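Hi,

Here is the structure I promised to send over. Please have a look at it first, and then read on for my notes.

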Amino acid sequence: MLGDSKAFSGFSVDSIEEAKGFYGQTLGLRVSEDNDLLVLHLAGDTNVILYPKENHAPATFTVLNFPVDDIDKAVDELAARGVVFERYEGFDQDAKGIARETPGPAIAWFQDPAGNILSVLQQNGA
């Protein structure tokens, strides 16, 4: 029934303006505003909407993952732009905050200004 629907995801933030600066400038994504929503235009013609919520509470899980060709380079570039990487109990993370010995690919987590958890992760084959 919904197999041909072009689905999209969304999550809340406490400030569209802060989110716009972070996602647009810090992360370098193409963003636009539409009806008080922030639209993230991702590769592959994928959009994610961010909507303002007065009583926003950040998710306790990763809401958006960014596959990258070189996780070390991505982490270094994000850190140079002021992104701070999270550390989680139960994960063996290196000095950069990258967990390399996981059931999946190498991954590093960080938060947006609203406290939502994002990640960069090593693409397969690299």
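This is a predicted model: local features need pLDDT of at least 70, side-chain atom pairs count only at pLDDT 80 or more; totals for chains, interfaces and linings use all residues.

**The chain as a whole**

The protein chain has two helices and seven strands, and along the sequence they come in the order β-α-β-β-β-β-α-β-β. Its radius of gyration is 15 Å, close to the 14 Å that the globule rule gives for 126 residues, so the chain is as compact as a globular protein of that length. The C-alpha trace spans about 40 × 35 × 25 Å along its principal axes. Of the 126 residues, 39% count as buried. The chain exposes about 7,800 Å², with carbon and sulfur atoms supplying 49% of that area. If you take the contacts between residues at least 6 apart in sequence, 54% of them join residues at least 24 apart.

**Helix 1**

Helix 1 covers residues 16–26, and its buried residues are I16, A19, F22, Y23 and T26. Looking down the helix axis, these buried residues fall within an arc of 160 degrees, so they line one face of the helix. E17 and Q25 are exposed and sit on the face turned away from that buried side. After the helix comes G28, which has a positive phi, near 75 degrees.

Strand 7 (residues 117–122) is worth a look in the viewer. Six of its six residues are buried, so the strand is largely enclosed by the rest of the structure. I117, S119 and L121 point one way, while L118, V120 and Q122 point the other way, and all of them are buried.

Which strands pair with strand 7? Strand 5 (residues 62–68) runs parallel to strand 7 and is joined to it by six bridges; here T62 stands opposite I117. Strand 6 (residues 107–111) runs antiparallel to strand 7, with five bridges between them, and I107 has L121 as its bridge partner. Strands 6 and 7 form a hairpin with five residues between the strands, and in that hairpin G115 takes a positive phi near 90 degrees.

**Salt bridges**

The structure holds six salt bridges. One of them joins D45 to K6, with the closest N and O atoms 2.7 Å apart. D45 lies in the loop between strand 3 (37–42) and strand 4 (46–52), and K6 in the segment before strand 1 (9–13), so the pair ties together parts that are 39 residues apart in sequence. Both D45 and K6 are exposed.

Another salt bridge pairs K96 with D76, the closest N and O atoms being 3.2 Å apart. K96 is in the loop between helix 2 (71–80) and strand 6, whereas D76 is in helix 2, so to speak a link between distant parts of the chain, 20 residues apart. K96 is partly exposed, with a relative accessible area of 31%, and D76 also counts as partly exposed, at 38%.

D94 forms a salt bridge with R100, where the closest N and O atoms are 2.9 Å apart. D94 counts as partly exposed at 24% relative accessibility, and R100 does so at 35%. D72, D76, D94, K96 and R100 are linked in a network of salt bridges.

Happy to go through any of this with you.

Best wishes

Definitions and conventions
Residues are numbered from 1 along each chain as its sequence is written. Side-chain values use heavy atoms; hydrogens and water are left out. Buried means under 20% relative accessible area, exposed over 50%, partly exposed in between (1.4 Å probe, protein chains only). Helices (H or I, at least four residues) and strands (E, at least two) are DSSP runs, numbered from the N terminus. The arc is that of the directions from the helix axis to the C-beta atoms. Two strands pair if DSSP finds at least two bridges between them. The radius of gyration is taken over C-alpha atoms; the globule rule is 2.2 Å times the number of residues to the power 0.38. Contact means heavy atoms within 4.5 Å. Accessible areas come from the Shrake-Rupley method with a 1.4 Å probe; for residues, only the protein chains shown count as cover. A salt bridge is a side-chain nitrogen of Lys or Arg within 4 Å of a carboxyl oxygen of Asp or Glu.
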